[in-house]
Amino acid sequence: MSECQHQLKLFALNSNMRLAKEIAEVMGIELGKCSVSRFSDGEIQINIEESIRGDHVFVIQSTSVPVNEHLMELLIMIDALKRASARTINIVIPYYGYARQDRKARAREPITAKLVANLLETAGASRVITLDLHAPQIQGFFDIPIDHLMGVPILADYFKSKQLDDIVVVSPDHGGVTRARKLADRLKAPLAIIDKRRPRPNAVEVMNIIGQVSGKTAILIDDIIDTAGTITLAANALVEHGAKEVYACCTHPVLSGPAIERIQGSKIKELVVTNSIALPEEKKIDKIVELSVAPLIAEAITRVYEMKSVSVLFD
């Protein structure tokens with residue numbers, strides 16, 4: 001790392017300490033010293049245990065479950081850094097919670113993804129680095145620089161290494177076609193789309209498959225797998241339509257509620273995820289393969305600090 005006038009400091013809060021330590025190891029630096037504790041009434045207290053005056057500070061925190069706790073930790077940390085005279089406060093959010101509430105789908109609904117952006121800016125964030133936003137338009141909710149990294153290259157490299165035959169990449173819905181096309185282009189594979197209808201939240205009904213899947217190895221791709229209803233129903237539909245094997249992948253393994261049970265009982269041969277969200281041990285079943293985003297994020301942090309272009313990481 002080239003010498004800069006102001007020092008780089010890397011801090012981590014409670015959401016994904018394993019990923020933060022891995023990023024620090026890739027960068028060849030130590031994590032900054034800070035503590036997160038609770039008062040007896042549950043309020044969060046944060047202490048930064050070293051000077052960060054004039055430094056470029058990067059804070060790693062996914063706003064994953066428990067999302068409100070992790071978001072509040074992050075906001076308090078930003079305020080602490082601002083009051084301690086950090087030169088810049090760069091927020092690294094591998095998984096941006098509330099991203100699915102990005103528009104008004106019905107009357108009198110909030111746009112919570114925009115609210116979270118406002119909170120981060122008001123608290124004092126200088127920049128955001130994030131990974132695979134649910135809707136890329138969320139970048140426009142911020143009036144500060146935002147670097148939007150992509151998980152598709154990491155997933156594509158894994159599937160290339162498996163040397164699978166006769167692949168078709170499948171989007172589980174119309175909204176994910178752009179993402180699926182990027183993976184298909186990297187694997188030089190055709191594309192198929194599942195046409196679905198969602199009669200109520202977390203309930204999915206598969207209607208039709210657009211594209212040829214019979215006799216092929218199908219790879220389903222999504223940005224988030226939450227309750228796994230969409231992905232498991234899609235996998236079963238692909239097998240019914242003649243797919244010989246079904247793999248699935250996503251950047252953000254939320255895996256809430258019945259997700260693990262559904263994946264275990266589904267036709268999915270392997271679910272490939274990244275470590276943008278820390279998976280507890282009870283969710284690390286044999287079907288799940290976890291890939292690391294630490295080298296990607298470490299490179300983005302280094303490039304931001306050294307004032308180099310980050311756009312090469314978007315390709």
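I began with the two domains, whose centres, taken over C-alpha atoms, are 28 Å apart. Domain 1 covers 6-148 and domain 2 covers 150-290; such bounds come from an automatic or database domain assignment. I noted that this is a predicted model, in which local features need pLDDT of at least 70 and side-chain atom pairs count only at pLDDT 80 or more, while totals for chains, interfaces and linings use all residues. Residues are numbered from 1 along each chain as its sequence is written, and side-chain values use heavy atoms, with hydrogens and water left out.

I looked up the contact (heavy atoms within 4.5 Å) and found 15 residues from domain 1 and 16 residues from domain 2 taking part. The buried area is about 1400 Å², with 49% given by carbon and sulfur atoms; this is the accessible area (1.4 Å probe) that two parts lose on being put together, summed over both. On the domain 1 side, R18, Y95 and D132 lose the most area to domain 2, together 40% of what that side buries. I found 1 salt bridge across the interface, the term requiring a side-chain nitrogen of Lys or Arg within 4 Å of a carboxyl oxygen of Asp or Glu. I also recorded a salt bridge between the side chains of R100 and D226, at 3.0 Å, N to O.

**Nonpolar cores**

I took a core as buried Ala, Val, Leu, Ile, Met, Phe, Trp, Tyr and Cys residues joined through side-chain atoms within 4.5 Å, buried being under 20% relative accessible area (1.4 Å probe, protein chains only). The largest core has 34 residues, and I91, Y96, L120, I138 and F142 have the most contacts inside it. Its largest share, 6 residues, comes from α2, helices being DSSP runs of H or I with at least four residues and strands runs of E with at least two, numbered from the N terminus. A second, separate core of 29 residues includes L220, A248, I260 and L271.

**Aromatic pairs**

I listed 3 aromatic pairs, counting rings of Phe, Tyr and Trp (its six-membered ring) with centres within 6.5 Å; planes under 30 degrees apart are stacked, over 60 edge-to-face and the rest tilted. Y96 and F142 are edge-to-face, at 6.0 Å centre to centre and 70 degrees between the planes. Y96 lies in the loop between β5 and α3 and F142 in the loop between β6 and β7, so this pair ties together parts 46 residues apart in sequence. Y96 is buried at 4% relative accessibility, and F142 is buried at 6%.

Definitions and conventions
Buried < 20%, exposed > 50% of the residue type's maximum accessible area, 1.4 Å probe, protein only.
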